[in-house]
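The sequence and structure come next.

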Amino acid sequence: MTADLSKGSRVPPLAAPLSAADIDDAAKRISGVVTRSPLQFNERLSEATGANVYLKREDLQAVRSYKVRGAFNLMAQLSPEELAAGVVCSSAGNHAQGFAMACRSMRTHGRVYVPAKTPKQKRDRIRYHGREFIELIAIGKTYDLAAAAALDDVARTGATLVPPYDDVRTMAGQGTIAAEVLDQLDEEPDLVIVPVGGGGCIAGITTYLAERASGTSVLGVEPAGAASMIAALAAGEPVTLEHVDQFVDGAAVARAGALPYAALAAAGDMVTLTTVDEGAVCTAMLDLYQNDGIIAEPAGALSVAALLEADIEPGSTVVCLISGGNNDVSRYNEVVERSLVHLGLKHYFLVDFPQEPGALRRFLDEVLGPGDDITLFEYVKRNNRETGEALCGVELSAATDLEGLLARMADSDIHVELLEPGSPTYRYLT
């Protein structure tokens, strides 16, 4: 089937150091520890697309993500001497929790390096999964500094580094998702949609499907503000992005892994990469929660967001990977906000009010429509000028109401400026 998006990037051929046999071996290795996650038919998404849509629920793993697959598969292949020397990882999120669970399962002592600003909730989850087998070390203001500290630890102590994606053993463990999907379906899927961060998961899945399925395509999805794999493919090698939007934190990677890049490049035309806007991700998160009762983190909703933008062949079988569900409830205000902006329901304006009685009432009566709701109003009266500027947030009942609102603003004697999402002023004020 064809599932290309207009903004997708095709993958050039290049050799890859991973095989389906490696992934089959990994599946046997992790079977006693890792949950065989459900593959659930989703009626809502199937009706919306005309396809038969299934959700692979990796958010239902004990650590609420697929990361334990790769961490455990790598550590299970270490020698007794290597295990005795200890293991180390750097992560503030899902990989650290998977690593911690693997350490406790194998009764191996490990050290986790996280940035100093890592929220207490995430630290507590890492400690919970690792218990007495984990030492949590908070160091540095950024992830890069924590990662550098982990590398220093490995060089100093002889411990083994457990990477989140750039290791063949990690990739093989994550690729076991594809082996389960083929076993869970009566027929092979036409398309598998996979979130992409560093690339280990999609590399493993793609490698397995290339050898074990005859006609399955893979659509890799990156957040628009962190498209490091697409940048790597365009450059012919991994490159470091100058700026990364951290909102989709589970996939906000500045540089794609070298080994995942090689594995994807080797897959040729069976793989297409695309991006989705962070606002679309938020809308998918909210829809999954409100309609399906699924708590997906931003990265976990990437596949569903891409599904709804893709050109899906009616009647085809599509699998969307829900990669994780470690979402902090305190982020939902921002999730709702970004979704409303993406849907065209929330807009911000700079309004110059005349410094005279009744100006605000005229704005409310003459400019706002019956379905328009002010959700933000910040006003500072300046006595040394004739007008005072206010930041006004307006939520519409329908995106099509914007045209009428702008027309009434243009007819008013009050000067109003629409702030465009993504502009420097918009980012500063909101």
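## Nonpolar surface patch

Patches are made of residues with over 30% relative accessible area and no salt bridge, where like charges are joined within 9 Å and nonpolar side chains (Val, Leu, Ile, Met, Phe, Trp, Tyr) within 5 Å. A salt bridge is a side-chain nitrogen of Lys or Arg within 4 Å of a carboxyl oxygen of Asp or Glu. Accessible areas come from the Shrake-Rupley method with a 1.4 Å probe, and for residues only the protein chains shown count as cover. The model is predicted: local features need pLDDT of at least 70, side-chain atom pairs count only at pLDDT 80 or more, and totals for chains, interfaces and linings use all residues. Residues are numbered from 1 along each chain as its sequence is written, and side-chain values use heavy atoms, leaving out hydrogens and water.

Leu360, Leu364, Phe377 and Tyr379 make a nonpolar surface patch of about 320 Å². Helix H15 (359-367) and strand S13 (373-379) each supply at least two of the patch residues; helices (H or I, at least four residues) and strands (E, at least two) are DSSP runs numbered from the N terminus. Leu364, found in helix H15, is partly exposed, with a relative accessible area of 36%. Here buried means under 20% relative accessible area, exposed over 50%, and partly exposed in between (1.4 Å probe, protein chains only).

## Four-stranded parallel sheet

Four strands form an open sheet in the order S6-S5-S4-S7, with parallel pairing. Its edge strands, S6 (134-138) and S7 (160-161), each pair on one side only. Two strands pair if DSSP finds at least two bridges between them. S4 and S5 run parallel and are joined by four bridges, while five bridges link S5 and S6, also in the parallel sense. Val112 in S5 stands opposite Cys89, and the bridge partner of Val112 in S6 is Leu136.

Strand S4 (87-90) is covered on both faces: Val87 and Cys89 are buried on one side, Val88 and Ser90 on the other. Helix H5 lies across S4, S5 and S6, running at about 165° to S4. Axes are lines fitted to C-alpha atoms, for helices over the stretch in contact (heavy atoms within 4.5 Å), and angles run from 0 to 180 degrees between N-to-C directions.

## Positive phi in two arginines

Most residues other than glycine have a negative phi. Arg64 has a phi near 65° and is found in the loop between strand S3 (52-57) and helix H3 (67-75). Arg64 is partly exposed, with a relative accessible area of 32%.

Arg107 has a positive phi of about 55°. This residue is found in the loop between helix H5 (94-106) and strand S5 (110-114). Arg107 is exposed, at 60% relative accessible area.
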